[in-house]
Amino acid sequence: MPKGGFVYIVTNLTHSTLYTGVTSDLISRIIQHREKYLPNSFTAKYKCYKLVYYHAFDHIESAIEEEKRIKGGSRVKKIELIESMNPDWKDLYDDIKDW
């Protein structure tokens, strides 16, 4: 049975740094970012734990393809993607934490 996945973007409080990732468990992954589970990671170093974008996929492979596409794009394209879903850049973790 294929397992789905998510592509997501987190940022810091000033929105100066963006991180694009992929996961099969969005809630757990965002908690890891927020708790600095990997203290030497990029997201811990740059304090990226505010979830500003996510997209669900039926297959993890599709999520991985989308992550690569997003990472290959410009910062402007990432901002456009975020603002298409979340124009106010609110922390979407509050919307998903009770799934």
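E80 and K77 are three residues apart in helix α4, so about one helical turn separates them; helices here are DSSP runs of H or I with at least four residues, strands are runs of E with at least two, and both are numbered from the N terminus. The two residues form a salt bridge whose closest N and O atoms are 3.9 Å apart. The term requires a side-chain nitrogen of Lys or Arg within 4 Å of a carboxyl oxygen of Asp or Glu.

E80 has a relative accessible area of 44% and is partly exposed, while K77, at 53%, is exposed. Buried stands for under 20% relative accessible area, exposed for over 50%, and partly exposed for values in between (1.4 Å probe, protein chains only).

## Basis of the values

This is a predicted model, in which local features need pLDDT of at least 70 and side-chain atom pairs count only at pLDDT 80 or more, whereas totals for chains, interfaces and linings use all residues. Residues are numbered from 1 along each chain as its sequence is written, and side-chain values use heavy atoms, with hydrogens and water left out.

Helix α3 (residues 60-72) holds both K71 and E67, four residues apart, about one turn of the helix. Their salt bridge has its closest N and O atoms 3.2 Å apart. K71 is partly exposed at 44% relative accessibility; E67 is buried at 11%.

The salt-bridge rule gives a count of six. One of them joins R34 to D91, with 3.0 Å between the closest N and O atoms. This pair links distant parts of the chain, 57 residues apart: R34 lies in helix α1 (residues 26-34) and D91 in the loop between α4 (75-85) and α5 (93-96). R34 is partly exposed at 33% relative accessibility, and D91 is buried at 18%.
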